[in-house]
Amino acid sequence: MASLRDIRKRIRSVKNTRQITKAMKMVAAAKLRKAQDAITAARPYAQMLDQIISDLVARSQGEELAHPLLSSRPERRVEVLLLTSDRGLAGGFNSNVIRRASRFLYEKGTGVEIEVSTVGRKGNDFFRQRGQKMRKDFGHLSQKPDYAQAAQVAEEMSARFLRGEVDAVYVIYNEFLSAINQKVTVSQLLPLQTLTAGAATTAAEAPAATTALVDFKYEPGRQEVLDRLVPQAVAIKLYRSLLESIASEHGARMSAMENATSNATDMIASLSLTYNRTRQAVITNELMEIVSGAEALK
């Protein structure tokens, strides 16, 4: 049985841990509010941009509209951008997205050459230790990315796609649903297949209604507008993924620290009960020794 001194040291240690986890929960909650406001503001803009491009193609009225970033081709070389965090203590935030990325690499098979780029130290360390071919680490995006930084990365990946160095680019990240719920998502960044698919679906569902749409005048022209919007859509899609990942990280860390604080409280209560019982047993033994000594002196 542990001594009273050992139990007191354990209780003191758990109390100190509880103070740390409680402070980390409060910090994560404060950061989560800011990150949640950022993603809430970015989502409508990204959705509206997708809708504008889809409407532009739907109103083409037979005019051939095309953009190289919308063109699909057989996937022989693929780049995967993995979004993780620099630090742990966030529950299953990093392990879930790393597990999904590993499964994605396995599902692509041996016939595809895959390069991995990372945002966040956890994902970068994991794949480097396992000998995966790494292209680049965008560590500067892991904490406070802005749109300008995301646009630079999107421009770099778009340039590689246009030069034929890669046939597709995928982003794997945690999508923010709530403070206690995140969903691992695999999103195709290049080519913008979702936009072309959305336009095709619109035309297929209502081919006759397409001509009935109220059209607009485009200056200098539809193709010029499309050429301007598509690269911007790539950048905003990447920027939104980064914001989703950061908000998910803070939510996962807040939940993990809340659970850790609750577990520490339960452990303190259990150790306190053990301490009181042990102390009571020690006192009882001392009383019995005193009584036994008194009886022996009679």
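This is a predicted model: local features need pLDDT of at least 70, side-chain atom pairs count only at pLDDT 80 or more; totals for chains, interfaces and linings use all residues.
Me: In which sense do S4 and S5 run?
Reply: They run antiparallel and are joined by 9 bridges. S4 and S5 form a hairpin, with 2 residues between them. Val171 has Ser187 in S5 as its bridge partner, and Val169 stands opposite Leu190 in S5.

Me: Why do S3 and S5 stand at the edges?
Reply: The open sheet has 5 strands in the order S3-S2-S1-S4-S5, with mixed pairing. Strand S3 (134–137) and strand S5 (181–190) each have a single partner strand, so one side of each is left without a neighbour in the sheet. Neighbouring strands are turned by 20 degrees against each other on average, direction ignored. Axes here are lines fitted to C-alpha atoms, for helices over the stretch in contact, and angles run from 0 to 180 degrees between N-to-C directions.

Me: What does helix H2 touch in the sheet?
Reply: Helix H2 (residues 93–108) packs on the sheet and touches S1, S2, strand S4 (168–178) and S5. Contact means heavy atoms within 4.5 Å. The direction of H2 makes about 150 degrees with that of S4.

Me: Why is Arg253 called buried?
Reply: Buried means under 20% relative accessible area, exposed over 50%, and partly exposed in between (1.4 Å probe, protein chains only). At 3% relative accessibility, Arg253 is under the 20% limit, so the residue counts as buried. Arg253 is found in helix H7. Leaving out residues up to four places away in sequence, Arg253 touches Met24, Ala28, Ser85, Arg87, Gly88, Leu89 and Ala90.

Me: Why is S4 described as largely enclosed?
Reply: Of the 11 residues of S4, 9 are buried, so the strand is largely enclosed by the rest of the structure. For the chain of 298 residues, 40% count as buried.

Me: What makes a set of residues a nonpolar core?
Reply: The members are buried Ala, Val, Leu, Ile, Met, Phe, Trp, Tyr and Cys residues joined through side-chain atoms within 4.5 Å. The largest core holds 37 residues, of which Leu81, Met157, Leu189 and Leu190 touch the most other members. Helix H7 (222–297) is one of the elements giving two or more residues to this core, and the largest share, 11 residues, comes from H7.

Me: Why is the pair of Phe126 and Phe127 called edge-to-face?
Reply: Rings of Phe, Tyr and Trp (its six-membered ring) pair if their centres lie within 6.5 Å; planes under 30 degrees apart count as stacked, over 60 as edge-to-face and the rest as tilted. The centres of Phe126 and Phe127 are 5.1 Å apart and the planes stand at 85 degrees, so the pair is edge-to-face. Phe126 is partly exposed at 23%, whereas Phe127 is buried at 4%.

Me: What makes Arg130 count as lying over a ring?
Reply: A charge sits over a ring if NZ of Lys or CZ of Arg is within 6 Å of the ring centre and within 35 degrees of the ring normal. Arg130 lies over the face of Phe126, at 3.7 Å from the ring centre. Arg73 lies over the face of Phe161, at 4.1 Å from the ring centre.

Conventions: Residues are numbered from 1 along each chain as its sequence is written. Side-chain values use heavy atoms; hydrogens and water are left out. Two strands pair if DSSP finds at least two bridges between them. Helices (H or I, at least four residues) and strands (E, at least two) are DSSP runs, numbered from the N terminus.
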